[in-house]
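Here is a short tour in questions and answers. Look over the sequence and the model first.

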Amino acid sequence: MEIIHIREEQLKSLTLFLIEKKIIFHPTISPSGCPDFTGRYERENILILDRNILTKLIEFCKTGELRDPYIRKLIAALIFWAEANQIIITGGLALNEYATAIGSNECASIENNIFLRMFKQYSPQLWLDVFEGKIS
């Protein structure tokens, strides 16, 4: 596991960005888009990506670029935030939706492999650098 040094203002900026854009929703933890994990630190939390975000994340991993700077920043923030807070990320429901829509598991399986490899190939520092615009 790579140790990275993050300044408090970096994490605050990233978290405020996600809150401002109302990206994370949960009926109890984040009903209005503002995560509140009070009393949940001993529980395992899972971030379920929707198809729109997962599609762009897969594209970013496959091509190494996303032309839309907002989507690029959003994805980087979300991935870094989840990893920094030890939140498990899954694209399972989005991949199941995709497989059902096209009537085949083959493409969804390929995307799942890309998604899983992403966590081994790309460090949290890389996602932070993308969020801060140091790299694209």
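The questions below go from the overall fold to single residues.

Q: How many helices and strands does the protein have, and in what order do the elements run?
A: This is a predicted model. Its secondary structure comes to six helices and two strands. Read from the N terminus, the order is α-β-α-α-β-α-α-α.

Q: What share of the contacts with a separation of 6 or more joins residues 24 or more positions apart?
A: The protein has 136 residues, and 36% of them count as buried. Among contacts with a separation of 6 or more, the share from residues 24 or more positions apart is 68%.

Q: What part of the accessible surface belongs to carbon and sulfur atoms?
A: The accessible surface of the protein comes to about 8700 Å². The part that belongs to carbon and sulfur atoms is 52%.

Q: How far does helix 2 reach from its first C-alpha to its last?
A: Helix 2 covers residues 51-63, which is 13 residues. At 1.5 Å a residue, 18 Å is expected. The model comes close to that, with a reach of 18 Å.

Q: Which residue caps the N-terminal end of helix 2?
A: Look for a side-chain oxygen by the backbone nitrogen of N52.

Q: Which residue forms a salt bridge with R51?
A: R51 is buried, with a relative accessible area of 15%. In its salt bridge, the closest N and O atoms are 2.8 Å apart. The partner of R51 is E111.

Q: Why does the pair of R51 and E111 tie together parts that are apart in sequence?
A: The two residues form a salt bridge. R51 lies in helix 2 and E111 in helix 5, so the pair ties together parts 60 residues apart in sequence.

Q: Is E111 buried or exposed?
A: The cut-off for buried is under 20% relative accessible area. E111 has 13%, so E111 counts as buried.

Q: What separates K56 and E59 along helix 2?
A: Their side chains meet in a salt bridge at 3.5 Å, N to O. K56 is partly exposed at 33%, and E59 is partly exposed at 31%. They are three residues apart in helix 2, so the separation is about one helical turn.

Q: Which residue forms a salt bridge with E20?
A: E20 is exposed, with a relative accessible area of 56%. The closest N and O atoms of the bridge are 3.1 Å apart. The partner is K21.

Q: Which helices do the buried residues of helix 6 pack against?
A: W127, L128, D129, V130 and F131 are buried in helix 6. They pack against helix 1, helix 2, helix 3 and helix 5.

Technical notes:
Residues are numbered from 1 along each chain as its sequence is written. This is a predicted model: local features need pLDDT of at least 70, side-chain atom pairs count only at pLDDT 80 or more; totals for chains, interfaces and linings use all residues. Side-chain values use heavy atoms; hydrogens and water are left out. Helices (H or I, at least four residues) and strands (E, at least two) are DSSP runs, numbered from the N terminus. The expected span of a helix is 1.5 Å times one less than its number of residues. A polar contact is a pair of N or O atoms within 3.5 Å; within protein, one must be able to donate a hydrogen and the other to accept it, and residues adjacent in sequence count only if both atoms are side-chain atoms. Buried means under 20% relative accessible area, exposed over 50%, partly exposed in between (1.4 Å probe, protein chains only). Contact means heavy atoms within 4.5 Å. Accessible areas come from the Shrake-Rupley method with a 1.4 Å probe; for residues, only the protein chains shown count as cover. A salt bridge is a side-chain nitrogen of Lys or Arg within 4 Å of a carboxyl oxygen of Asp or Glu.
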